[in-house]
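Look at the model first, then read on.

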Amino acid sequence: MTDLAAYMTGVGEAARRAATLMAAAPTAAKDHALQALARRLREAGPALAEANARDLAGARELDAPLLDRLKLNDKILATVAEGCKQIAAMPDPIGEITGVKRRPTGIGVGHMRVPLGVFGMIYESRPNVTIEAASLAIKSGNACILRGGSEALHSNLALAALVGDSLEEAGLPRDAVQLINTTDRAAVGLLIAMPAFVDVIIPRGGKGLIERISREARVPVIKHLDGNCHSYVDAEVDLDLAVAVVDNAKTQKYSPCNATESLLVHAARAADFLPRIGMVFAAKGVEMRGCERALALLDAVPRDLLKPATPEDWDTEYLAPIISIKVVDDLDEAIAHINRHGSHHTDAILTTNHVHAMRFLREVDSASVMVNASTRFADGFEYGLGAEIGISTDKFHARGPVGLEGLTSMKWVVLGQGEIRR
Ligand SMILES: NC(=O)C1=CN([C@@H]2O[C@H](COP(=O)(O)OP(=O)(O)OC[C@H]3O[C@@H](n4cnc5c(N)ncnc54)[C@H](OP(=O)(O)O)[C@@H]3O)[C@@H](O)[C@H]2O)C=CC1
Ligand SMILES: N[C@@H](CCC(=O)OP(=O)(O)O)C(=O)O
């Protein structure tokens, strides 16, 4: 066995042992660990800043939006610490028995919520995800094995040490949250092929990662994929509202999977809407790749920010100050376009027409569908989950932002008083 294989087997065995203890852990101990983690995150500011500075120094060639998500500043630390406290304050989902119904035989039949066991998670170079995943794992009584992006290794190691210390302080197993300490991608190959130790794999990332997982995984997968998100401006619309929401959906942050990458505009309002949003985007340096009809209405935009859209643009997630723009003839065309070219992540309609809003909600096949709101809201914290594991683009087990419940399953419980089957 190679050193790496031995290391991963050790990680897997430790996770399995920890999962057994976490499944039975008292709520008070889990909440203690989360409160301790919130405190330690605040106290460890300087040490974390130093670790993060090492990562940032090694990642200078990254584009600005990707560098931005690698940052672990005071605001991000305060947000994740607050998330830990919020999760501690939430009811413990584990052990809850629901829906018990008495059968004619006398037995009571219902469900109990239980942890999944051990989950392995592979994610981008975004250190705050380490804390979000760890805190959700702790409260949901799971153990997890985390493999963050290679650019974030030093930050993640520092954060994982705080998580381990917090677990120990609360009398819980340190190995409930383990971070893979190497950037060798062979470790990912091993992680996704250890069914004895890992119950489910959660990959967050782009197409390359997913292709590998689909090819090699030997455990169930909950995919958290790319976001080719759309905002559609309907014929009946409050234009001021639409400008503000579309601007936010594209420009509030460029790197997240829930940023709008494609703008669809009904032909009846294109002449009113496109020149206005075009100037907003131009002021922020956003490149616009439009269909012919859109480009004709964006003539006041500086030429260097305008490009004709190619067929590939409709399928592209830029994660950058670039947006594709298409004028459509009606709602049917908008819905068909989104279902064909989108990534089933998050899509929004801007409209004052109730029937159109309801049709969009029912017919767009995405994990989150929104009316008159920014696609950037697709996020576990914003949805009230305390934090998120990520945004599932799968349809089974969990869809959209995944919080505590997504890390659990239901088992049947049968409550009898000596009944026997006849
Ligand atoms: N739905 C969701 O919740 C989320 C989706 N995303 C999506 O992720 C993508 C952007 O993130 P980005 O960092 O570029 O994603 P990548 O897919 O490049 O990287 C994500 C993680 O996967 C690893 N990885 C990638 N390819 C492989 C491989 N072939 N074998 C083993 N490990 C691999 C990376 O490791 P390494 O560091 O070695 O490159 C990293 O840890 C976008 O498409 C975005 O929408 C991002 C966040 C959340
Ligand atoms: N939860 C996030 C979205 C997740 C995400 O896409 O992250 P990333 O691709 O690393 O920017 C948010 O909106 O804050």
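Predicted model: local features only at pLDDT ≥ 70, side-chain atom pairs only at ≥ 80, totals over all residues.

Residues are numbered from 1 along each chain as its sequence is written, chains are lettered from A and ligands numbered from 1 in the order in which they are written, and side-chain values use heavy atoms, without hydrogens and water.

**Annotated domain**
- UniProt, in an unreviewed entry, lists "domain: Aldehyde dehydrogenase" at residues 13-277 and 314-379; such annotations may be inferred rather than shown by experiment.
- Residues 13-277 are 51% helix and 16% strand, with end C-alpha atoms 54 Å apart.
- Residues 314-379 are 32% helix and 24% strand, and their end C-alpha atoms lie 24 Å apart.
- Helices (H or I, at least four residues) and strands (E, at least two) are DSSP runs, numbered from the N terminus.

**Shell around ligand 1**
- Ligand 1 is surrounded by 26 residues, each with a heavy atom within 4 Å of it.
- The closest are R69, Y123, S150, E317 and I391.
- By class, the shell has eight nonpolar, ten polar (Gly among them in this scheme) and eight charged (Asp, Glu, Lys and Arg) residues.

**Polar contacts (N or O pairs within 3.5 Å)**
- A polar side-chain atom of R69 lies 2.6 Å from an oxygen atom of ligand 1.
- For R185 the distance to a ligand 1 oxygen atom is 2.7 Å.
- For R147 it is 2.9 Å.

Conventions:
Polar contact = N/O pair within 3.5 Å; in protein donor to acceptor, adjacent residues only side chain to side chain.
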